[in-house]
Amino acid sequence: MNALNRSSQGAAVQAHIRALPLYVPGRSEQSVAREYGLSRVIKLASNENPLGCSPEVGKALAEHLAHGQTALARYPDSEASELRHALSRHHGVPPECIAMTNGSHELIDLCAALTLHDGNEGVYSQYAFQAYPISIRARGAAAIQVAARDFRHDPDAICRAMTKSTRLVYLCNPNNPTGTVLRPEDIERILGAAGPHTLVVLDEAYIDYLDPALRPDSIGLVARYPQLVIARTFSKAYGLASLRVGYGIMQPEIVDAIARVRPTFSVNALAQRAALAALADQAFLQGTQALNRAGIAQITRSLQRHRIEWIPTHANFIAIRLNDAAAVAERLLQAGVVVRPLSAYELHDFIRVTIGTEEENELFLRALLQAVEPA
Ligand SMILES: Cc1ncc(COP(=O)(O)O)c(C=O)c1O
């Protein structure tokens, strides 16, 4: 393509969109292997499931594709009815209270589309998922960042930050990238302080990793707080990140509003089949949870032994404090271990590492110790 008049390139794009930071996802194994000439790369950068997904998923997809040429030629069920009904039974909520989206990121973003415009505000915590301020600012609204306390959401400060212009609040529990948890009573306090015109999105992408004793009855709260949206995903503990299936639990009026702004076929047919099979295999989920608990114990034992600090985690990743985190992350890359430096979160002395299999954790720890003390 020839370069046109440069001064006019991108002129149609609104200035506040051009000013948005780019969300940078974790690097793929393939690109790291190519760049560093490595035969094996361990990716612990995107909080994916190290076990993959349930073996039932492969069977369900093969069965779907066996339907011949029409399997891929037909548009998917735009309402994902079978999956929505399965989720309805799983969670004990009416199917009308469930919205299906292309990963939970789409739901998070669409909630901003429902509520925000130039002149109002969205609130989120410091050190919370990077996507929140991007979705807020993309609508021209003001992104109000609330200072965290000890790397956690500060519920009092969040309540104080809400004004009559606040239309959206994002909460992340457990929080990415710190792994911290919000107490159920703090969630309720924030919901109580939010007015009826403020949508509260409770992002529970990592809820399956949280000890059941610490989990809020978030779904029960939807009946009492009609402005609450619970965001869930099949990307993490169910291991379907590449297929993009997320969903929300909320009042039917909000489901209806989501349906009006969501691209029509945002959850494809293979993704729907895969999620159905994954949901049915709760034994796989339990195996994932057990592996994660063992992995956290394995990693924190070693960090403790080497006097390396970390933030206690309730998710499938751990934020580790290091003197020169960016340089350590780069040395780990060269050793074939991909982790996430947290400078984009202004946590300049931290890396975030996804909990892997026992072997992956061991290889990470060995590489970390070498990277921290290079020869
Ligand atoms: C806190 C949090 N919420 C939501 C998402 C979006 O996940 P997905 O769109 O794959 O469901 C992520 C992904 O990393 C996340 O960390």
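## Ligand shell, domains and helix packing

The residues of the shell around the ligand divide into four nonpolar, eight polar and one charged, where Ala, Val, Leu, Ile, Met, Phe, Trp, Tyr, Cys and Pro count as nonpolar, Asp, Glu, Lys and Arg as charged, and the others, Gly among them, as polar. This is a predicted model, in which local features need pLDDT of at least 70 and side-chain atom pairs count only at pLDDT 80 or more, while totals for chains, interfaces and linings use all residues. Residues are numbered from 1 along each chain as its sequence is written.

Of the 13 residues around the ligand, those that come nearest are Gly 103, Ser 104, His 105, Thr 233 and Ser 235; a residue counts as near if its C-beta atom, placed from the backbone, lies within 6 Å of the molecule. Helix 6 (residues 103–115) gives the largest share of this shell, three residues. Helices (H or I, at least four residues) and strands (E, at least two) are DSSP runs, numbered from the N terminus.

### Two domains

The chain is assigned to domain 1 (14–52 + 283–372) and domain 2 (55–280), with bounds that come from an automatic or database domain assignment. Taken over C-alpha atoms, the centres of domain 1 and domain 2 are separated by 24 Å. Their contact takes 27 residues from domain 1 and 26 residues from domain 2, two residues being in contact if their C-beta atoms, placed from the backbone, lie within 7 Å. On the side of domain 1 that touches domain 2, at least two residues each are supplied by helix 1 (15–18), helix 13 (282–305) and strand 9 (317–321). The largest share of that side, four residues, comes from helix 13. By class, the side of domain 1 that touches domain 2 has 15 nonpolar, 10 polar and two charged residues.

### Packed helices

Two packed helices are described by the angle between their axes and the distance between the axes. The axes are lines fitted to C-alpha atoms, for helices over the stretch in contact, and the angles run from 0 to 180 degrees between N-to-C directions. A crossing is left-handed if the near helix is turned anticlockwise from the far one by less than a right angle, and right-handed if clockwise.

| Helix pair | Angle | Axis distance | Crossing |
|---|---|---|---|
| Helix 14 (residues 325–334) and helix 15 (residues 358–372) | about 130° | 9 Å | right-handed |
| Helix 3 (residues 55–65) and helix 12 (residues 269–280) | about 145° | 8 Å | right-handed |
| Helix 5 (residues 81–91) and helix 12 | about 20° | 9 Å | left-handed |

Helix 14 and helix 15 pack at an angle of about 130°, which makes helix 14 oblique to helix 15; angles under 35 degrees count as roughly parallel, over 145 as roughly antiparallel, 65 to 115 as roughly perpendicular and the rest as oblique. In this pair, Val 328, Arg 331 and Leu 332 of helix 14 meet Ala 367, Leu 368, Ala 371 and Val 372 of helix 15, a contact with six nonpolar, no polar and one charged residues.

Helix 12 is packed against helix 3 and also against helix 5. From helix 3, Glu 56, Val 57, Ala 60, Leu 61 and His 64 meet residues of helix 12, including Ala 269, Arg 273, Leu 276 and Ala 280, and the contact has 10 nonpolar, one polar and two charged residues. With helix 5 the angle is about 20°, so helix 5 is roughly parallel to helix 12. Here Glu 82, Leu 83, Ala 86, Leu 87 and His 90 of helix 5 make the contact with Gln 272, Ala 275, Leu 276 and Leu 279 of helix 12, and these residues divide into six nonpolar, two polar and one charged.

### Backbone features

Most residues other than glycine have a negative phi, and most peptide bonds are trans. A cis peptide bond joins Asn 173 and Pro 174, with omega about -10°, and a cis peptide bond joins Asn 176 and Pro 177, with omega about 15°. Pro 174 lies in the loop between strand 5 (166–172) and helix 9 (184–193), and the loop between strand 5 and helix 9 is also the place of Pro 177. Asn 47, a residue other than glycine, has a positive phi, near 55°, and lies in the loop between strand 1 (42–43) and helix 3.
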